[in-house]
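Here's a quick tour for anyone meeting this structure for the first time. Have a look at it, then read on.

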Amino acid sequence: MMMADVFSNLALGFGVAFTPVNLLLCLIGALVGTLVGILPGLGTIATVAMLLPITFGLDPVGALIMLAGIYYGAQYGGSTTSILVNIPGEATSVVTTLDGFQMAKKGRAGPALAIAAISSFFAGCVATVLIALLGAPLTRLALAFGAPEYFSLMVLGLIFAVVLAKGSVLKAIAMIVLGLLMSMVGADIETGASRMAFDIPELADGLGFATVAMGVFGFAEIIRNLDPDAQMDRNLVQQKISGLMPTRTDLKESTPAILRGTALGSLLGILPGGGAVIASFAAYTFEKKVSKHPSRFGTGVIEGVAAPESANNAAAQTSFIPLLTLGIPPNAVMALMVGAMTIHGIVPGPQVMQKQPELVWGMIASMWLGNLMLLVINLPLVGIWVRLLRVPYRLLFPSIVIFCAIGIYSINNAPTDVILAGLFGLFGYWLIKYDFEPAPLLLGMVLGPLMEENLRRALLLARGDWTVFLTRPISAGLIAIAAGLLALALLPALRKKREEVFVE
Amino acid sequence: MSEADSRAPNSMASRIKGPQDFYGGLALMGIASFALWAASDLQGTRGFSFGPGTVPRMAGVLLFLLGAGVAVSGLLVNGAQLQRFSLRGPFFVTLAILSFSATIRPFGLVVSALLSFFIAAAATHETNWKETIVVGILLTAGCSLLFPYALGLPLELYPPILR
């Protein structure tokens, strides 16, 4: 019965995804994602924010298909430059440089690229099936949730985000709370009272999510890259790529690594706060631990490419699960997807799965198609992608500034939005300089309204009794897990472990 | 809070073990105080029902405490030094953004984008003006086709005199 459901759902999805327009959008998204993945200094979050306005004219399914393509496309692109020139285009492929570049140095760039693509594709397939399998049951669970459960679940999600983020736990929590505060600017949901808006008409509707994201991730990143000490090393070694095909031993050695990487990545992707970066680090560390010859890692072993590449792609895709079923974005890119859905008038959550199945399943099916496209087109295009790396930053950054400015302006045709984004750019630059992570801020800003609404509703129904979060079993369980995690993160022993993982 | 360190900068600075966290935490406390002040006129809790001001005040107090925590840890634990801020990059990028928002309405996309492109390009000394002019014109042309035509967004391209 359940399997039949999955098949009929997937059939519906492929029907949606196979229309020419959606296929084209999927291809565009995947290509743009690859491009972004390759260009260092242009992150996934900034790009998704930048392209949000472009998706206005599209129908919702097409918009989400394209934005999703950018996200997983970037996982492919990032690995290409990691392997060929030792520059990770994305944070998710930092570990791939360790063994990937060493392989390229030994003249085995071809097999490294091929294994990276194959493992990404395999992980993508597994993750797609996983989304299809878990979608329905999780949605049913979510529908049983009341306001207290939702609130506790979001607390748990934010704590996860804090525990898995790198750097200081205290600072990450502070960023989340700042994001929550920022989400409260503008009209109050229940009473309509204007909050912290100072009678400025542009703030009456609240701070635009895309505006803040573009400022803190787009403009701030550019300003940061212009710092004299951030000048990127662009003296590239041009590698001759010969022989794409991996040998039989390569395949034999990488298969278990791909399987483990996929499993670990899928799991970390579903967890709130997880996502592709942590997944790739964890998979590499894990692979090194179970290996019979850990000392050879870092000298160009194929498992060192296969494990993180399958993990980051699996995680990039399974992180859609909490978004689609519970309506809770587990990381900053998913937070932007919420923004995209809201723009199209869709409130993410279990209702979407029931009322607009074609939207959800169309997107899921398109992910599999997009992965296939990436596998087929990426390997032959490697040469072109690498040449793109030679575009100098001095020409790239003014173009990004203008593109962002036009994008923000076109959301509401409001010049003040552009100024606001500029101010948030300066603020983001300040955050970077003081080592505050902007990603939790964005997460807090997206979850803010949801959390406030559920908190108010829960307390109203409980007649002001705060113990409601601890007396309802599901809610109490979630809070207990959150508290346990937080305690663990603050324990010195684990803190050392976390640092180790990120130092590597 | 800034009084103390302006009065005795040397002795204070030597006692602060992690200046980055210390000043970062102080700044968060400042932001929190500002938010608390901004939310002070809002209706609070009435009976069991939260007012519009309840949650902002809770978040404000929480942020203030967290900021204090970060500042105290910066005071006591060895940590990173303050990083240097450069001026040229932020200045010209911000100027480009401001010029864009000031000129887009009265002059249209073509003038606005081109002008802002050149201002932004001044943010680095590496800029080679010949190629920057070529790329600027190409980018403006590309955006003029992409946004109004391909994406159908309502953007004016030219100044009113030429329309």
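## Chain B: two domains

The centres of domain 1 and domain 2 of chain B, taken over C-alpha atoms, are 39 Å apart. Domain 1 covers 2-76 and domain 2 covers 88-162, with bounds from an automatic or database domain assignment.

Chain B has six helices and zero strands; helices are DSSP runs of H or I with at least four residues, strands runs of E with at least two, numbered from the N terminus. Of its 163 residues, 33% are buried, meaning that 20 or more other C-beta atoms, placed from the backbone, lie within 10 Å of a residue's own.

## About the model

This is a predicted model: local features need pLDDT of at least 70, side-chain atom pairs count only at pLDDT 80 or more, and totals for chains, interfaces and linings use all residues. Residues are numbered from 1 along each chain as written, while chains are lettered from A and ligands numbered from 1 in written order.

## Chain A: helix H10

H10 of chain A (248-270) bends by about 35° at Ser254(A), the bend being the angle between axes fitted to the seven residues ending there and the seven starting there. A proline, Pro256(A), follows within four residues. Ser254(A) is also among the buried residues of H10(A), which include Asp250(A) and Ile270(A).

## Chain A: helix H11

H11 of chain A runs over residues 276-290 and reaches 21 Å from its first C-alpha to its last, close to the 21 Å expected (1.5 Å times one less than its number of residues). Eleven of the 15 residues in H11(A) are buried, including Phe281(A) and Tyr284(A).

Notes
A residue is buried if 20 or more other C-beta atoms lie within 10 Å of its own, exposed if 12 or fewer, and partly exposed in between; C-beta atoms are placed from the backbone.
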